[in-house]
Amino acid sequence: VRVGILGAGQLAQMLTEAGTRLGMSHVLLAPEHDACAASCGVFVHGDYDDPHALSRFSEHADVATFEFENVPTHAVEWLEDRIPVRPSAEVLRIAQDRLREKETFRRLGIPVPRFEAINTLLELQHHAEAVGLPAVLKTRTLGYDGKGQAIVRDTRAESLQRAWRAIGGTPAILEELVPFDRELSVIGTQSPDGEQVFYSLNENVHREGILRLTMARATDPQREIAEEYARRLLVEFGYVGTLALELFEVEGGLLANEMAPRVHNSGHWTIEGAETSQFENHMRAVCGLPLGGTLQHRAAAMVNLIGTLPAVHDVLAIPDAHLHVYGKAERPGRKVGHITLIDHANNSVEFNTRVARALELAGEDAAAYALTLRESQRGA
Ligand code: AMP
């Protein structure tokens, strides 16, 4: 089977690694000259909505998927008229728009933080009290890794104006800033005939809007309800592929932040830590193959490498550390690799020391992660 992937970053790289093992071949389309997955298959260089590029891409593919959620939906719709695209343009359109996304969550009974749609500065002034401060103003579209966001702390005219200007005065949502205890994500895969699998819940720590650390929590008390929310989304959209749902844990309950209609950074540990990775299950689903088991055997953690890479030797000197280098140029704020740690010795104290060491190599202050490292759970 020839699988087309829109986007050619590290997610595409890890998707093609899984696909190649299953005998699939790949075609990738991306606008960057130096896309890190360009050599992972036939590479079509061009904008996502360039008709020539799309047409070449579709000629090389039996089925298509995407690794990047800001692909223009009209390009995906154009493809859908020619080959199956999984997941669909419909779910992509909703995931690209924070307002439609939150409305969908609400309709499906998935709790969300209080929010209001904001189209003008006047509406911002009008709704700030009702949403409650502090709040975060987020552009409806094209936001990721904390971009396109401004915090609103008080209702003074100049504060509201500043926030409105900071996001470029475009349609937005104003959302209460929730005092979360933890950030969690749940990842699941659904096949075309409705088979579903879910991975251990992920506990995630962000800094400056970018994911830094994921701890896989096989026996987390929130796992069941998180899975139930993800299941509703998979069913609602007749979803095909891997989906991630990001959640806040607040006072023992869960509020949905956003979904990603693709494989997700918080699921990178599944390559070494689960029976079948999120990437392989995505490719299986996209090609209509039976899904693989998701069992987590040992405690697992993932540390992102942002901006610069540590010395390879230092990473590999950590027992049970697995290094993934994406082959991207180093640049501040850019995800250039990750480290996965698996607790093969089944010793949570030692394991936490190793995760802390990986965080240090990633340039993080490991002490700031003490709460998350307090106890590593074992695999199932
Ligand atoms: P997002 O782009 O919506 O995923 O936001 C990036 C990060 O900002 C999240 O992972 C949170 O750490 C933080 N954040 C976003 N929205 C909220 C909120 N309503 N309350 C508290 N923190 C938030």
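**View 1. A facing pair of residues in strands β1 and β2.** In this predicted model, Ile-5 stands opposite Leu-28, a residue of β2. The two strands shown, β1 (residues 2–6) and β2 (residues 25–30), run parallel and are joined by five bridges.

**View 2. The four-stranded open sheet.** The strands are arranged in the order β3-β2-β1-β4, and their pairing is parallel. Because β3 (42–45) and β4 (63–66) stand at the edges with a single partner strand each, one side of each is left without a neighbour in the sheet. From one strand to the next, the twist averages 20°. Strands of a sheet pair through backbone hydrogen bonds, in either a parallel or an antiparallel manner.

**View 3. The buried face of helix α2.** Helix α2 (residues 51–59) has Ala-53, Leu-54, Phe-57 and Ser-58 as its buried residues. Seen down the axis of α2, these buried residues fall within an arc of 130°, and therefore they line one face of the helix. An α-helix has 3.6 residues a turn, so residues three or four places apart point the same way. The elements that cover the buried residues of α2 include the strands β1, β2, β3 and β4, together with helix α3 (73–80).

View 4. Pro-51, His-52 and Glu-59 are exposed residues carried on the face of α2 that is turned away from its buried side.

Key:
Residues are numbered from 1 along each chain as its sequence is written. This is a predicted model: local features need pLDDT of at least 70, side-chain atom pairs count only at pLDDT 80 or more; totals for chains, interfaces and linings use all residues. Side-chain values use heavy atoms; hydrogens and water are left out. Two strands pair if DSSP finds at least two bridges between them. Axes are lines fitted to C-alpha atoms, for helices over the stretch in contact, and angles run from 0 to 180 degrees between N-to-C directions. Buried means under 20% relative accessible area, exposed over 50%, partly exposed in between (1.4 Å probe, protein chains only). The arc is that of the directions from the helix axis to the C-beta atoms. Contact means heavy atoms within 4.5 Å.
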